[in-house]
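User: Hello! I am new to this structure and would like to understand the words used to describe it. Could we go through them together?

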Amino acid sequence: MGSGVVGFNLKPRRALFCDTNPHLISFYQGINQGTITPIIVREFLESEGSNLAKYGADYYYEVRKRFNVGKSPLDFLFLNRACFNGLLRFNRKGEFNVPFGHKPERFSKAYVTKIVNQVEWVAKRASLSDWTFLHQDFRITLSGATETDLIYCDPPYAGRHTDYFNT
């Protein structure tokens, strides 16, 4: 699945989006199930963004620690948007370990609105479609494919010696 941008922009009526990163899948499952809504995202990012602006890096690391314990999809979104270069990286214990992106004012009103609009777009498309989000390896996903299925595999590909999530 990766970021989902390819699949989302193809706008399939029926789709299976899979990834080995359980946090990514949990976030999109929340949107698909209606537990993560544009309103919830706006309120969360405005609140957390205000705390980040006030407390800077210390607050980022507090949220990172909180995420590594509780695995909140909203904390995952916050970290992904506030970390260094939007990287996704986890240590051998499965803990998010990307450093702070050094932008305490990151969550401006315009930036929050941009994120909310993205969530709203996915939520709307998902409600009009039959989309399923699963945490699974691409080999399992491909084993159920038929000759009429369109398949898109987002890098990294097999044979690489590094991985962004798998421990």
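Analyst: Gladly. Contact here means that heavy atoms lie within 4.5 Å. By that rule, asparagine 68 touches Glu95 and Phe96, with residues up to four places away in sequence not counted. This is a predicted model, in which local features need pLDDT of at least 70 and side-chain atom pairs count only at pLDDT 80 or more, while totals for chains, interfaces and linings use all residues. Residues are numbered from 1 along each chain as its sequence is written, and side-chain values use heavy atoms, with hydrogens and water left out.

User: Where is asparagine 68 found, and why is it called buried?

Analyst: Asparagine 68 belongs to helix H4. Its relative accessible area is 15%, and buried means under 20%, exposed over 50% and partly exposed in between (1.4 Å probe, protein chains only). The value of 15% is therefore on the buried side. The C-alpha atoms of asparagine 68 and lysine 93 are separated by 9.6 Å, although these residues are 25 apart along the chain.

User: How do you know that the reach of helix H4 is close to what is expected?

Analyst: Helices (H or I, at least four residues) and strands (E, at least two) are DSSP runs, numbered from the N terminus. H4 covers residues 57–70, which makes 14 residues. The expected span is 1.5 Å times one less than the number of residues. For H4 that gives 20 Å, and the helix reaches 20 Å from its first C-alpha to its last.

User: Which residues of H4 are buried, and what covers them?

Analyst: The buried residues of H4 are Tyr59, Tyr60, Val63, Arg64, Phe67 and Asn68. Their cover includes helix H2 (22–33), helix H3 (38–55) and helix H5 (73–82).

User: What makes lysine 71 partly exposed?

Analyst: Lysine 71 has a relative accessible area of 32%, so this value falls between the two cut-offs of 20% and 50%. Lysine 71 lies in the loop between H4 and H5, and its phi is near 60 degrees, a positive value in a residue other than glycine.

User: What makes lysine 71 lie over the face of phenylalanine 67?

Analyst: A charge sits over a ring if NZ of Lys or CZ of Arg is within 6 Å of the ring centre and within 35 degrees of the ring normal. Lysine 71 is at 5.7 Å from the ring centre of phenylalanine 67, and lies over its face.

User: Is asparagine 85 buried or exposed?

Analyst: Asparagine 85 is exposed, because its relative accessible area is 62%. This residue lies in the loop between H5 and H6, with a positive phi near 55 degrees.

User: Why is the pair of tyrosine 60 and phenylalanine 100 called tilted?

Analyst: Rings of Phe, Tyr and Trp (its six-membered ring) pair if their centres lie within 6.5 Å; planes under 30 degrees apart count as stacked, over 60 as edge-to-face and the rest as tilted. This rule gives 18 aromatic pairs. In one of them, the ring centres of tyrosine 60 and phenylalanine 100 are 5.2 Å apart and the planes are at 40 degrees, so the pair is tilted. It links distant parts of the chain: tyrosine 60 is in helix H4, and phenylalanine 100, 40 residues apart from it, is in the loop between H5 and helix H6 (109–128). Tyrosine 60 and phenylalanine 100 are both buried. Ring pairs also join Phe8, Phe17, Phe27, Tyr28, Trp131 and Phe133 into a cluster.

User: What makes H5 mostly covered?

Analyst: In H5, 8 of its 10 residues are buried. Among them are Leu74, Phe76 and Leu79. The buried residues of H5 pack against H2, H3, H4 and H6.
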